[in-house]
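Please view the sequence and model below before reading on.

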Amino acid sequence: MTGARTAPAPPRPAWAPPTTRPGRPEAALRSLELVVRRRLDGLLQGNHLGLLPGPGSEPGDARVYQVGDDVRLMDWAVTARTTEPHIRDTAADRELETWLVMDLSASLDFGTVHCEKRDLAVAGASALAYLTRNGANRIGAVISTGDRTRRLPPGSGLPHIRSLIREIADTPRAEQGVRGDLGAALEQLRRPRRRRGLVVVISDFLGPLDWARPLRALGARHQLLSVEVLDRRDLELPDVGTVVLADPESGRQREVETTPRLRRDFAAAAAAHRAEVGRELRRAGSAQLTLRTDSDWIADIVRFVVTRKRQWSGGTR
C-alpha cells in the first residue's frame, strides 16, 4: 500500500532518472539516452549481450558451479572426474532476441524519493535495451497496465530502440482501481513458441504471485532477468502519526496511526513478501536485479553486470 502523505523528498541528485510523463517525453528520453550511453558505453565487450550468458546452441567451456547457476547445465562427466560440481556453458548465439516485459500497473505510479517507480522502470528498460543492441540482436516489448496489454514487435538498431522506449514511456497510466496482471503479460510470450532468447521482466512484484507459474514456463526455454523496482515506502512506513494509506490497484483507502508496532509489522510483511518473490524468481531460474528510487540505478546495473561477468569467467562473486 502507498501513503497519501509523506515527508518532503530530499534534493534531486544528478543520477536520478528524468521524469517521463506520457504525451511528450522527447526531452526526457534524449537526456536519458545520453546518461545511459555515457555511463555504460564501453562497459561490455564482445559479439553478444553482456547481461546474461547467451542462450546459445553450441556447448562452451566447463566451469565450477556457483550459486544461482542453472542446474540443467550441469556437466556430470567433469563433475565426476574432478569431484567438484561443474556446469557446461553454451557459446552465445550472435543474433539474440530480447523481450522486455513491462509491468506498468498503477502501483508503479508512485515514488517518495527522487522519482516515481515508473520513471525508474523506463530508465531501466532504456539501459537494458542499450546493453543488448549489439550486432544483429533484436528487441521487442510486452507492456501491461492491467487493463491493457500491448506487444511491440522486435527489431534491431538504435532508431528501433528509441521508438520502443518512446512507446513504453508514452503508455497511458492505469486507472486507479485496476489490478496489474503480470502473469497475463508473461503468457503473451509463451504462445506462439519463440526461438530461445532473453526475457527481461521489469516490475515491482507487489501483490499476488500469480506470475510465478508462467515465469517458470518461460524459464524452461529462455534466459531470464527480473528487474525489481522498489521505493523505500514499499519496505517501511515513516513515523508520521496518522496517515491515509491507499492501494492504487484496488482503490481502497484506510486511515492508520503509524505506531511502532504497525511499522514493525509492515516492515516484516514487506520483507517476507520480498523473500517469497526471491524464492519464486530462483525457482524460475531468473537472475535478479533490484533498482530503487533512492539509489544510483546506473551504478546498480554496472555492479550487477560486473558481478555476472566475474561469475562467467570463474572469478569470485
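What percentage of the 317 residues of the chain count as buried? The share is 49%, where buried means under 20% relative accessible area and exposed over 50%, with a 1.4 Å probe and protein chains only. The model is predicted, so local features need pLDDT of at least 70 and side-chain atom pairs count only at pLDDT 80 or more, while totals for chains, interfaces and linings use all residues. Residues are numbered from 1 along each chain as its sequence is written, and side-chain values use heavy atoms, without hydrogens and water.

**Overall fold**
- The chain has 8 helices and 11 strands (DSSP runs: H or I, at least four residues; E, at least two).
- Of the contacts with a separation of 6 or more, 77% join residues 24 or more positions apart (contact: heavy atoms within 4.5 Å).

**Helix 1 and helix 4**
- The axes of helix 1 (residues 26-40) and helix 4 (residues 158-169) come within 11 Å and cross at roughly 125°.
- Leu29, Glu33 and Arg37 of helix 1 meet Leu158, Arg162, Ile165, Arg166 and Ala169 of helix 4.

**Positive phi values**
- Most residues other than glycine have a negative phi.
- Thr83 has a positive phi of about 60° and lies in the loop between helix 2 (76-82) and strand 3 (86-91).
- Thr83 is exposed, at a relative accessible area of 72%.
- Phe205 has a positive phi near 55°, and Phe205 counts as buried at 2% relative accessibility.

Conventions. Axes fitted to C-alpha atoms, helices over the stretch in contact; angles between N-to-C directions.
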